[in-house]
Amino acid sequence: MFGRSRSWVGGGHGKAARSIHSLDHLKYMYHVLTKNTTVTDHNRNLLVETIRSITEILIWGDQNDSSVFDFFLEKNMFVFFLNILRQKSGRYVCVQLLQTLNILFENISHETSLYYLLSNNYVNSIIVHKFDFSDEEIMAYYISFLKTLSLKLNNHTVHFFYNEHTNDFALYTEAIKFFNHPESMVRIAVRTITLNVYKVDNQPMLHYIRDKTAVPYFSNLVWFIGSHVIELDNCVQTDEEHRNRGKLSDLVAEHLDHLHYLNDILIINCEFLNDVLTDHLLNRLFLPLYVYSLVNQDKGGERPKISFQVSLYLLSQVFLIIHYAPLVNSLAEVILNGDLSVFSSKVEQDIQKNSTKSSIRCFIKPTETLERSLEINKQKGKKRLQKRPNYKNVGEEDEEERGSEDNQDDLDKTKGTEASSKGIRTSSENEEIEMVIMERCKLSELSISTVTEQNTTDEEKSAAASGSEITNWNRPFLDMVYNALDCADDDYYALFVLCLLYAMSHNKGIDPVKLERIQLPAQHAEERNSYNHVLAERLIRIMNYAAQPDGKIRLATLELGCLLLKQLVFSKNGSIIKDVHLACLEGAREESVHLLRRFYKGEEIFLDMFEDEYRSMTIKPMNVEYLMMDASILLPPTGTPLTGIDFVKRLPCGDVERTRRAIRVFFMLRSLSLHLRNEPETQLPLTREEDLIKTDDVLDWNNSDLIACTVITKDGGQVQRFLAVDIYQMSLVEPDVARLGWGVVKFAGLLQDMQVTGVEDDSRALNIIIHKPASSPHSKPFPILQATFIFSDHIRCIIAKQRLAKGRIQARRMKMQRIAALLDLPVHPSTEVVMGFGHSSAATAQHLPFRFYDQSRRGSSDPTVQRSVFASVDKVPGFAVAQCINQHNPSPLSSPSPSSGSGSTGRCDSVTASSTSTPSAAQSPSGAAMAVVEFSKHRLLNGQ
């Protein structure tokens with residue numbers, strides 16, 4: 001029988017192999033199981049293959065034959081699976097059984113089939129089976145099996161897992177025991193399982209979770225998160241040399257996962273679960289560990305503490321991720337308006353005169369492990385089953401348990417559980433009383449302060465918001481936050497403070513009234529007439545430090561400070577900044593201009609850096625969420641690029657990076673200044689996309705200088721095109737067969753990004769490469785055009801090469817002059833005419849505007865406009881189009897002008913004029929003139 005089965009499983013020939021997915025074959029598999037009820041070394045492989053085959057048949061039957069499940073239930077075949085597990089048959093059988101069960105439940109789609117499998121409680125027996133979880137493979141398949149079952153949970157299937165009569169929920173309680181497993185994938189699976197459970201809207205089940213598991217699970221979870229935070233802080237303190245950044249990044253990622261998990265629980269919006277979770281997060285983690293660490297005290301005290309920068313960093317993550325209003329409002333209230341009295345033992349004793357608990361706001365380890373707590377609650381549940389629970393004997397049970405239980409904390413939790421059945425709010429009752437008293441105290445203080453501020457001016461309100469005129473209300477946490485903005489030496493702490501203020505002001509759950517107490521506006525604040533002067537002054541001071549030659553302000557800090565200042569001084573009606581603050585900001589902007597002048601150079605690299613930095617700043621603006629995910633900012637600022645830290649998050653190294661930093665500082669402060677003065681930006685960027693010729697533009701090329709050529713691309717393709725050179729671009733044009741003299745642009749690229757080289761063995765050819773502007777200074781240039789241009793003769797090739805080379809020089813020169821104008825440097829336009837045109841004094845006075853032909857571009861839908869792009873009056877009209885379509889559509893051409901040497905155009909910036917129009921345009925004017933005469937003759941002959 002063993003050999004016969006292996007032949008079938010191995011895909012042997014015969015009738016059985018041809019009908020393995022059938023009811024008959026399931027019967028055969030059942031026969032195999034009945035003959036092999038005991039697992040031995042000889043039949044272990046046979047049983048494993050039999051279980052796999054049964055799983056395949058069940059999945060097939062779910063979609064094709066319902067009688068398969070009828071037979072499966074009739075013969076109670078799940079009992080065989082359970083018996084195999086209970087025999088302790090070794091890891092091989094356990095792994096294969098868990099794997100096949102996981103596949104089975106993943107692929108079952110019909111609810112009826114699922115009900116068949118879940119009936120008789122065999123699945124719960126497998127869940128509570130004592131596997132060898134020290135085996136990683138068994139652990140992986142087991143937790144995956146639980147996650148698959150949790151995905152099947154709904155209001156109907158939950159009754160197969162949660163037994164309301166025995167008060168047992170094995171799927172949930174067994175899963176949460178692995179919440180702190182060393183393997184991250186197991187922890188993630190546990191979080192998925194719990195979220196799937198919480199989403200099921202079954203009140204008895206949710207009440208069971210609240211009464212039996214919420215307090216022990218959340219208390220142990222909070223302790224686990226806090227332990228990771230302390231480990232993270234130790235890593236920061238001992239890694240000043242950036243040697244353990246990998247470990248630090250893992251710890252930060254783990255904390256982010258915890259916060260997202262907590263937020264996922266809160267947004268499910270199960271009120272009583274949220275109450276318990278919020279209470280534990282506030283009183284056992286955020287306040288006693290995160291907020292308390294903001295006060296500069298020695299670490300030798302009884303309370304555990306973390307470093308100041310880690311505290312600010314983690315609080316910023318909390319406000320960026322969690323938006324649950326009761327939680328973030330209470331946390332913000334303590335940071336902005338609280339003092340150390342919320343942690344004093346005297347206040348706690350006064351509030352808890354009738355309470356048996358002590359030290360509520362403290363980060364302490366739970367007295368019992370989660371597994372032990374669940375076992376105790378389970379035993380209590382069994383004892384209560386001996387009596388029929390009603391409203392009369394609940395108190396009696398409590399009295400009996402009071403005498404029998406030694407653990408006072410477990411007794412308090414049980415009392416809260418029993419009180420919840422009476423409809424009383426029981427999520428940490430003592431903590432809630434304490435929280436209510438604290439809120440009342442704050443409200444009374446707020447009402448007093450509100451009465452005294454009703455008749456104050458805006459300046460007095462601002463001073464009051466900064467805490468300068470409040471003598472009876474000590475706010476040490478807010479004071480520490482403000483003091484950290486003093487970054488004369490470095491911005492190590494200032495960056496975290498700015499992130500915290502940004503996160504709080506953009507948190508949707510925080511009541512704007514709480515932010516208005518310190519005049520920190522929310523993201524969508526109402527109209528207002530005042531702002532926090534102290535905060536504004538400290539932000540402007542950061543900008544002044546950043547504009548200094550030896551400033552230690554990182555670009556990320558500066559950009560975040562600019563964002564906060566805009567938010568601080570802007571209301572619906574525009575900027576409300578005071579003149580004195582605007583003057584200080586203008587002073588910082590002037591300092592940035594002077595700083596950039598020190599690095600201004602006439603070299604090509606400066607123009608490329610200038611445009612690259614503007615492009616990078618525009619394409620990738622500051623994202624605070626991503627910034628707070630980077631663990632490298634927790635370490636002291638460094639100036640070496642060898643660490644791999646992004647340039648904006650570290651100090652510059654070398655002249656090139658100092659130049660890049662000076663350019664960025666100039667851009668940020670210029671943009672902020674224009675924004676606060678409600679003025680538009682008219683000079684940047686140096687090249688506007690909307691002012692450039694684009695592919696598929698249809699333009700009038702009459703009276704334009706075009707050179708016919710054959711373009712051979714890198715992949716071997718050949719096309720006939722006409723080459724045109726503009727002030728900033730070179731274009732490849734194809735004639736428009738619909739209208740004479742018009743052409744369609746097939747390619748357009750910037751001259752400044754072009755490389756032109758000759759071909760050694762062909763005097764009529766040029767190799768031309770045009771690179772795409774890089775999005776990052778470190779990115780590799782990407783060629784958007786790499787082709788060989790072949791012209792009719794060497795004369796045309798020489799003219800094209802000169803035109804492209806000089807056009808590139810002229811385009812870069814004009815942009816450098818515009819940068820000089822931005823920096824208030826004297827502009828010295830060259831008197832030399834390059835490419836046959838000069839600049840008028842009017843153009844120079846206007847600091848060389850973007851484009852002079854912005855009105856000349858025309859689309860194909862505008863046939864009425866007949867203005868030429870390059871209005872030269874001494875060229876052959878329609879010559880470019882006629883050269884290609886003459887043989888297909890002959891048409892009379894107007895007679896050419898005899899003069900071909902003037903080269904002057906009707907517009908001051910045309911670059912299509914002949915290079916021989918002015919003697920100073922070439923080294924040998926007579927030779928260039930002869931070349932143009934020959935080129936004109938050739939054009940006339942071809943045109944006729």
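Which residues in H4 meet which residues in H7? The answer is given under the second heading, after the basis of the model.

## Model and chain

This is a predicted model, in which local features need pLDDT of at least 70, side-chain atom pairs count only at pLDDT 80 or more, and totals for chains, interfaces and linings use all residues. Residues are numbered from 1 along each chain as its sequence is written, and side-chain values use heavy atoms, with hydrogens and water left out.

The chain has 36 helices and 12 strands; these are DSSP runs numbered from the N terminus, helices being H or I with at least four residues and strands E with at least two. Of its 944 residues, 52% count as buried (under 20% relative accessible area, with exposed over 50% and partly exposed in between; 1.4 Å probe, protein chains only). Among contacts (heavy atoms within 4.5 Å) with a separation of 6 or more, 72% join residues 24 or more positions apart.

## Helices H4 and H7

From H4, Arg44, Asn45, Val48, Ile51, Arg52, Thr55, Leu58, Ile59, Asp62 and Gln63 meet Tyr92, Val93, Gln96, Leu97, Thr100, Ile103, Leu104 and Asn107 of H7. By class, this contact has 9 nonpolar, 6 polar and 3 charged residues (Ala, Val, Leu, Ile, Met, Phe, Trp, Tyr, Cys and Pro are nonpolar; Asp, Glu, Lys and Arg are charged; the others, Gly among them, are polar).

H4 spans residues 44-64 and H7 residues 91-107; they pack at an angle of about 5°, with axes 10 Å apart. Axes are lines fitted to C-alpha atoms, for helices over the stretch in contact, and angles run from 0 to 180 degrees between N-to-C directions. That angle makes H4 roughly parallel to H7 (under 35 degrees; over 145 is roughly antiparallel, 65 to 115 roughly perpendicular and the rest oblique).

## Helix H6

In H6 (residues 78-86), the buried residues are Phe78, Phe80, Phe81, Leu82, Ile84 and Leu85. They pack against H3 (23-35), H4, H5 (67-74), H7, H8 (111-118) and H9 (122-127). Lysine 88, which follows H6, has a positive phi near 50°.

## Aspartate 736

Aspartate 736 lies in the loop between strands S8 (729-735) and S9 (742-750). Its relative accessible area is 14%, so aspartate 736 is buried. The C-alpha atoms of aspartate 736 and valine 698 are separated by 7.8 Å, although the two are 38 residues apart along the chain.
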